[in-house]
Amino acid sequence: MNASTTHLVLVPSFDSGPLLERTVRELVERWAPVWVVVDASTDGSEKPVETLAQALGPQRLRVLPRSENGGKGAAVLTGAHEALAAGFTHALVMDADHQHPADRVADFMAASQARPDTLVLGLPVFGPEAPAIRLQGRKLSVGLVHLETLGRAVGDPLFGFRVYPLRPLVDAMARTRHARRYDFDPEVAVRMVWAGVPTLNLPAACRYVPRTAGGISHFHYFRDNVRMVWLHSRLLVQFVLWRWYSAWRHRRRRSLSRS
Ligand SMILES: Nc1nc2c(ncn2[C@@H]2O[C@H](COP(=O)(O)OP(=O)(O)O)[C@@H](O)[C@H]2O)c(=O)[nH]1
Ligand SMILES: [Mg+2]
């Protein structure tokens, strides 16, 4: 098990069911510390994790409760502020529902430790079980983000397995009152690229756990797709009005550094 005083694992959770405990147990075997932000869950899924945290101690596992549900982005922000206050500089954020690969944590952390200014992004490798409708919907988001950032700095804007440098993350979130729910993953990635944060895309498996095995999603097809349309409308307007210049400048810097 690796332990760090700069890099922690941050897991936002809302009503994740038994998969939360399973996810956390895999994580604590591999990394310390692991922090779980419980976003006012109502299903009691945090209870076994709290018991485990008492057994392991705060150096290995902490549970941070939020009194009101604010969404994935809001929960990550709560954890990010707390982590900065405790002296951490980076957080690997991953989902609570066993979709993301705990066995890639050490590699992603090592990549971030080697380039601390960089946003290390997971590039999802889907299995045959991934629902076609989610894969199709993804293509549109990927295309729009490539346009908004003038390139492929963000390989997949929806995959939440990432190591964030915390200060630029908090700064990006301070620039918008959005990005608190499912709009978090694409919006912060675009804003961090606009701010000149370098990116690195590394492959990582993304599982879809069947419902019969406890698989759970709070993605609401209509509500959250409307949120995505609104997100890209906002980003595209900003891009056309003024962000195109910083996107172009950072793209130029990236291509110069490659040549
Ligand atoms: N904190 C918080 N996390 C949420 C909320 N909704 C979803 N999440 C977390 O965000 C991650 C992805 O959510 P999920 O519903 O699995 O979305 P999907 O994987 O895109 O279907 C999981 O770790 C959830 O626990 C919420 O309201 N608050
Ligand atoms: Mg999920």
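How are α1 and α2 oriented relative to each other? Let's work that out together, keeping in mind that this is a predicted model. Helix α1 covers residues 19–28 and helix α2 covers residues 47–56, and the two pack with their axes 9 Å apart at an angle of about 25 degrees. Angles under 35 degrees count as roughly parallel, and α1 and α2 are therefore roughly parallel to each other. On the α1 side, the contact is made by L20, E21, V24 and V28, which meet P48, V49, L52 and L56 of α2. Sorted by class, the contact of α1 with α2 has seven nonpolar residues, one charged residue and no polar ones.

Let's step back for the overall picture. The protein chain has eight helices and nine strands. Its C-alpha atoms fill a box of roughly 50 × 40 × 35 Å along the principal axes. A compact globule with 259 residues would have a radius of gyration near 18 Å, and the protein chain, at 18 Å, therefore agrees with that expectation.

Helix α7 spans residues 184–194 and helix α8 spans residues 221–258; their axes lie 9 Å apart and the helices pack at an angle of about 25 degrees. That angle makes α7 and α8 roughly parallel to each other, and α7 passes α8 in a left-handed crossing. From α7, the residues in contact are P186, E187, V190, V193 and W194, while α8 brings L231, L235, R243, S246, A247 and H250. The contact of α7 with α8 has seven nonpolar residues, along with two polar and two charged ones.

Now look at α8 from the side of helix α5, residues 132–148. The axes of α5 and α8 come within 10 Å and cross at roughly 20 degrees, so α5 and α8 are also described as roughly parallel to each other. Here again the crossing is left-handed, with α5 passing α8. In this contact, S141, L144 and E148 of α5 meet M228, H232, L235, L236 and F239 of α8. By class, the residues of the contact of α5 with α8 divide into five nonpolar, two polar and one charged.

What surrounds ligand 1? There are 16 residues around ligand 1, and the closest are F14, D39, A75, D95 and S217. Two elements give two or more residues to this shell, namely β2 (7–13) and α3 (72–85). By class, the shell around ligand 1 has seven polar, five nonpolar and four charged residues.

Finally, two backbone details deserve a look. The peptide bond from A32 to P33 is cis, with omega near 0 degrees. You can find P33 in the loop between β3 (31–32) and β4 (34–39). The other detail is at H98, a residue other than glycine whose phi is positive, near 65 degrees. H98 sits in the loop between β6 (90–93) and α4 (105–114).

Conventions
Residues are numbered from 1 along each chain as its sequence is written. Chains are lettered from A and ligands numbered from 1 in the order in which they are written. This is a predicted model: local features need pLDDT of at least 70, side-chain atom pairs count only at pLDDT 80 or more; totals for chains, interfaces and linings use all residues. Axes are lines fitted to C-alpha atoms, for helices over the stretch in contact, and angles run from 0 to 180 degrees between N-to-C directions. Helices (H or I, at least four residues) and strands (E, at least two) are DSSP runs, numbered from the N terminus. Angles under 35 degrees count as roughly parallel, over 145 as roughly antiparallel, 65 to 115 as roughly perpendicular and the rest as oblique. A crossing is left-handed if the near helix is turned anticlockwise from the far one by less than a right angle, and right-handed if clockwise. Two residues are in contact if their C-beta atoms, placed from the backbone, lie within 7 Å. Ala, Val, Leu, Ile, Met, Phe, Trp, Tyr, Cys and Pro count as nonpolar, Asp, Glu, Lys and Arg as charged, and the others, Gly among them, as polar. A residue is near a molecule or strand if its C-beta atom, placed from the backbone, lies within 6 Å of it. The radius of gyration is taken over C-alpha atoms; the globule rule is 2.2 Å times the number of residues to the power 0.38.
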